[in-house]
Structures are given as C-alpha cells and as structure tokens.
Amino acid sequence: PVKTGQAWTVGRHWFVCGDLEDQNRLEEVINHVDDQQTDQGIMYVDPPWTKSLAAGFRTKAGVEKRSVDLNNLFWEILEPARKRRTVAFMEGGNGERELVIDLVQAMGGVVGNVWEITYYKKKPCFILAADFRDQPRNDFPDLTGLDDEQTPKAVLDHYTAILGDTKKFVVDPCGGRGLTARTAEQCGWTAITLELSPY
C-alpha cells in the first residue's frame, strides 16, 4: 500500500503521496526533475473548489479532519509555479473566481486569461491562467466552452507546439484520479503529481 510521504516513479512520471501543506517532498521531486533532465515545466491543477470539498477530501484520505482555509490552500497549490516563474492553469468553481484572481495578483502573478468551461459536461466553472513568468505573455490556448476532461490535453498540446522537442513536465498538486498524469503520458510529457489520498 502507498504511504504518506512516499514518492513513486512510473516510467518517466513521478507520483508523491502527501499533503500540500507540507511541500518538502513535492519540492524534492520537482527539483530532481529540474536538475536531472533540464525540463521546462508548467502546472495544471483541478483543486477542491470549496472549504467543504477540501475538508471532505481530507476525511476520505484518512488524514486529520479540520477546517480548510481556501486562501492558504490555493496559495500552496500555486506556490511551485510561482517559485519556478512559470504558468499555472487552475480550475475552479465560479464562487471562488475572485478569490483566485486576487490571490494570483497577491503572489506577484498576472491573470493571463479566464475561460468559461464545464465540469463533467454539466456544471459551469472556470479555468484560469496564472502567469508567474518574468515576462508574462499571451501565449495561451483558447479553452472557451471545453469540458474539463478536454482542457489538460488542449493545454499540453498547445505548449508542445510552442516548446518543440525540449523535455517538458507538468506539475499537478491535486492529482485525484490522474487525468493530468494520463494526459501527460499521451502527450509525451513527464507528470509530477502530488495526491493527498493513499488510495
């Protein structure tokens, strides 16, 4: 069984079982990939959108149940992209949109764009591009109207065309069932995934 704190490799991909609020293990893995492969990285993440969802995921994962501060949670989620001066694509519920926009700006980033998408082809939601690059630029794909099942592929295909043959990795700090990781495998990227639940 997987245990909290463990990091696993599957082919070229890395999976870390751990809590966002203790990012040491995730940082260690990202730094290793940076050092060993001189890759170019972006982030793609679909975090729990609300306090109740975030607390519920903690319960399902069998870790300490407590109230979750969304501002702190989202900060921790975006921190690897901010530290590496790269771009992060983050999904969210419409009730949290202003919180995420304000947070990106407070972290020194630029909101490159916000698109209306759907979740499971039903629930309206958004995806946002948080640009932490030293020179922000408008090089984003158009994700308008897509379902979140399609958006990771649209993002990775778009940056594959921009970055060409360089090695590329995508960080997903809320791995869930692995949509970002599976998409990375299809697109020839390395996935670095953090997931709270050992299941």
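## Salt bridges

A search of the whole structure finds 13 salt bridges, each a side-chain nitrogen of Lys or Arg within 4 Å of a carboxyl oxygen of Asp or Glu. The model is predicted: local features need pLDDT of at least 70, side-chain atom pairs count only at pLDDT 80 or more, and totals for chains, interfaces and linings use all residues. Residues are numbered from 1 along each chain as its sequence is written, and side-chain values use heavy atoms, with hydrogens and water left out.

Helices (H or I, at least four residues) and strands (E, at least two) are DSSP runs, numbered from the N terminus. Glu79 is buried at 13% relative accessibility; Arg82 is partly exposed at 26%. Buried means under 20% relative accessible area, exposed over 50%, and partly exposed in between (1.4 Å probe, protein chains only).

Arg133 and Asp131 also meet in a salt bridge, 2.8 Å from N to O. Arg133 is buried at 9%, and Asp131 is buried at 2%. A network of salt bridges links Asp131, Arg133, Arg137 and Asp139.

## Arg85

Arg85 lies in the loop between α3 (70–83) and β4. Its phi is positive, about 55°, although it is not a glycine. Most residues other than glycine have a negative phi.

Arg85 forms a salt bridge with Asp134, with the closest N and O atoms 3.2 Å apart. The pair links distant parts of the chain, 49 residues apart; Asp134 is in the loop between β6 and α5. Arg85 is partly exposed at 34%, while Asp134 is exposed at 66%.

## Sheet

Eight strands form an open sheet with mixed pairing, in the order β1-β2-β8-β7-β3-β4-β6-β5. Two strands pair if DSSP finds at least two bridges between them. β1 (7–10) and β5 (110–119) stand at the edges with a single partner strand each, so one side of each has no neighbour in the sheet.

β1 pairs with β2 (residues 13–17) in the antiparallel sense over four bridges. Thr9 has Trp14 in β2 as its bridge partner.

## Cores

The largest nonpolar core has 33 residues; Leu73, Phe74, Leu78 and Ile192 have the most contacts inside it. Such a core is a set of buried Ala, Val, Leu, Ile, Met, Phe, Trp, Tyr and Cys residues joined through side-chain atoms within 4.5 Å. Helix α3 gives the most to this core, with six residues. A second, separate core of 21 residues includes Ile42, Val87, Ala129 and Val155.
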